Amino acid sequence: MLTLYFAPGTCALASLITLEESGLSFDTKNINTRENEQRSEAYLKINPKGRVPALATDRGVLTETPAILAYIAQMAPAARLAPLDDPFEFARLQAFNGYITSTVHVNHAHRPRGFRWADDQAALESMKAKVPQNMAESFELIESTMFEGPWVLGEAYTIADPYLFVMTGWLPSDGVDPARFPKAHEHYARMLERPAVQRALAREKA
Ligand SMILES: N[C@@H](CCC(=O)N[C@@H](CS)C(=O)NCC(=O)O)C(=O)O
């Protein structure tokens, strides 16, 4: 049995959507990040990083969204969530998800979690002020050089799509109008039509 530790409104939504797409049997545990449950003694035993998502499997706990997404895709080959038999395409997929995790997510985190990088108020405000520009630059790059359409990698839906979906969903709170990025904006609407996405969003609200 798989158990996904997640919190609503976080990057864990990409893993939740992917589990819903996979057809695998899974359970979820909602970690209350508003009350810092991710730092509780009990949760730190599951994920010492104090973050969500974490995926408990029969063989141990996995963390880091790109790793979790690739694991789910490999555990559910029939769901065709990644180009598992094409090393180059799979590397392209990992490059996209690597860019999201190392750059886009980190750009965003400078707004709600700037305290990871600085203590003084002026530096925190300065980091926050830069977030719209950094997010917009990332989305410009995604649209002009990475996104193929209708899905990130082209005709086939993959585990890159829920990850982009989460980042696009964060744009308004980061002070960026998603309509500035028509490909990502339309992709977001396309994602909302998928039953797995609807089920994942319903689970977030439950
Ligand atoms: N690199 C990790 C980042 C995980 C992460 O930062 N998760 C955020 C939610 S989006 C979190 O748990 N934040 C709580 C905290 O920083 O205390 C991944 O991609 O899974």
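This is a predicted model: local features need pLDDT of at least 70, side-chain atom pairs count only at pLDDT 80 or more; totals for chains, interfaces and linings use all residues.
Student: At roughly what angle do the axes of α1 and α8 cross?

Tutor: The axes of α1, residues 12–22, and α8, residues 195–205, cross at roughly 125 degrees and come within 8 Å. Angles of 65 to 115 degrees count as roughly perpendicular and those over 145 as roughly antiparallel.

Student: Which residues of α1 and α8 meet?

Tutor: Contact here means heavy atoms within 4.5 Å. From α1 come L13, L16, I17, E20 and E21, and they meet A196, V197, R199, A200, L201, R203 and E204 of α8. By class, the contact of α1 with α8 holds seven nonpolar residues and five charged ones, with no polar residue.

Student: Next, α6 and α7. How do the axes of α6 and α7 cross?

Tutor: Helix α6 covers residues 160–170 and helix α7 residues 182–192; their axes come within 9 Å and cross at roughly 115 degrees. Since 65 to 115 degrees is the range for roughly perpendicular, α6 and α7 are therefore described as roughly perpendicular to each other.

Student: Is the crossing of α6 and α7 left-handed or right-handed?

Tutor: The crossing in which α6 passes α7 is left-handed. On the α6 side, D161, P162, L164, F165, T168 and G169 take part, meeting A184, H187, Y188, M191 and L192 of α7. The contact of α6 with α7 divides into seven nonpolar residues, three polar and one charged.

Student: Where do α3 and α4 lie in the chain, and at roughly what angle do their axes cross?

Tutor: Helix α3 spans residues 65–75 and helix α4 residues 87–109; the axes cross at roughly 145 degrees and come within 9 Å. The crossing of α3 and α4 is right-handed. P66, L69 and A70 of α3 make the contact with F90, Q94, N97 and T101 of α4. Four nonpolar and three polar residues form the contact of α3 with α4, and none is charged.

Student: Now the ligand. Which residues around the ligand come nearest?

Tutor: There are 16 residues around the ligand, and Q38, V52, E64, T65 and R116 come nearest.

Student: How far is a polar side-chain atom of Q38 from an oxygen atom of the ligand?

Tutor: For polar contacts, look for pairs of N or O atoms within 3.5 Å. The distance for Q38 is 2.8 Å. A polar side-chain atom of R51 lies 2.9 Å from an oxygen atom of the ligand. For R113, an N or O atom of the side chain is 3.4 Å from a ligand oxygen.

Note on methods:
Residues are numbered from 1 along each chain as its sequence is written. Side-chain values use heavy atoms; hydrogens and water are left out. Axes are lines fitted to C-alpha atoms, for helices over the stretch in contact, and angles run from 0 to 180 degrees between N-to-C directions. Helices (H or I, at least four residues) and strands (E, at least two) are DSSP runs, numbered from the N terminus. Ala, Val, Leu, Ile, Met, Phe, Trp, Tyr, Cys and Pro count as nonpolar, Asp, Glu, Lys and Arg as charged, and the others, Gly among them, as polar. A residue is near a molecule or strand if one of its heavy atoms lies within 4 Å of it. A polar contact is a pair of N or O atoms within 3.5 Å; within protein, one must be able to donate a hydrogen and the other to accept it, and residues adjacent in sequence count only if both atoms are side-chain atoms. Angles under 35 degrees count as roughly parallel, over 145 as roughly antiparallel, 65 to 115 as roughly perpendicular and the rest as oblique. A crossing is left-handed if the near helix is turned anticlockwise from the far one by less than a right angle, and right-handed if clockwise.
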